[in-house]
Each structure stands twice: as structure tokens, then as C-alpha cells.
Amino acid sequence: MKRQALIATLGTEPQVVTLALDLLRAKGYPIAEVVVVHTAGQVIEPALRRLQVEFAREPEVGFRTVGVEDERGMVEDVGNEADTTAVLRTIYRTVLEEK
């Protein structure tokens, strides 16, 4: 079976990512890597740190983060059309990289 990755966006509730991973693995999907797409907002930092700690305990699953950026730099939060476009472009690039 091909290597599989879970690509997830991160909000303030990091357990959503680990729950999705657990459910996919329980269904037999061999997830080799979790890629978390996130903004740079301060409210996201605790969730990001929590995931880093959790995945450090689970070395059989790779973990990496991808920050949402545009020509202005890192996006703090999704509050307008430009921010939404940056999120969509980041997700699109991330999926292409994983393919």
C-alpha cells in the first residue's frame, strides 16, 4: 500500500487532529505522516505546541507543520478574502507536495 498522509488544518482544538488520525488508523489507513496547516495567531500556538509534544511520543508517524503565508508574510488569522485565499493556496501546495 502507498504511503499515506493526513493533512489537517489546525484551530484551537488540537485533539481534532489526533482524533482524526486515530479514526483513520482504526479503519486501516496506514498514515505515515501528519501535516498540519496553521496560521500564526497567538491562539494557535498552544495547540501547535501540544501536537508537537504528542507526536514526539509517536515516532512511527511523521509530523510537520506548514504555516499559511502570502505576499505579506505569515497570516495571523483568517479574517478576510485575502487570508482565505492564502489558506486555500497553502492547502493546495501542501496536497501537491504530498502527491
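Alanine 8 stands opposite valine 36 of strand β2. The structure is a predicted model, in which local features require pLDDT of at least 70 and side-chain atom pairs count only at pLDDT 80 or more, while totals for chains, interfaces and linings use all residues. Residues are numbered from 1 along each chain as its sequence is written, and side-chain values rest on heavy atoms, with hydrogens and water left out.

Secondary structure follows DSSP runs: helices are H or I with at least four residues, strands are E with at least two, and both are numbered from the N terminus. Strands count as paired if DSSP finds at least two bridges between them. β1 pairs with β2 (residues 31-38) in the parallel sense, over six bridges. Three strands make up an open sheet in the order β1-β2-β3, with parallel pairing. On average, neighbouring strands are turned by 20° against each other, direction ignored. Helix α2 (residues 45-56) packs on this sheet and touches β2 and β3. The direction of α2 makes about 160° with that of β3. Axes are lines fitted to C-alpha atoms, for helices over the stretch in contact; angles run from 0 to 180 degrees between N-to-C directions.

Helix α1 (residues 15-26) comprises 12 residues. From first to last C-alpha it reaches 16 Å, close to the 16 Å expected at 1.5 Å a residue. The expected span is 1.5 Å times one less than the number of residues. Glycine 28 follows α1 and has a positive phi, near 95°.

Accessibility classes use a 1.4 Å probe and protein chains only: buried is under 20% relative accessible area, exposed is over 50%, and partly exposed is in between. Histidine 38 belongs to strand β2. Its relative accessibility is 10%, so histidine 38 counts as buried. Contact means heavy atoms within 4.5 Å. Beyond its neighbours within four places in sequence, histidine 38 contacts Leu10, Ile44, Leu48, Thr65, Val66, Gly67, Val68 and Met74.

Threonine 90 sits in helix α3 (residues 81-98). This threonine is buried, at a relative accessible area of 1%. Leaving aside neighbours within four places in sequence, threonine 90 contacts Val37, Val66, Gly67, Val68 and Glu69.

Glutamate 71 occupies the loop between β4 (69-70) and β5 (73-74). With a relative accessible area of 71%, glutamate 71 is exposed. Its C-alpha atom is separated by 11 Å from that of aspartate 83, 12 residues apart along the chain.
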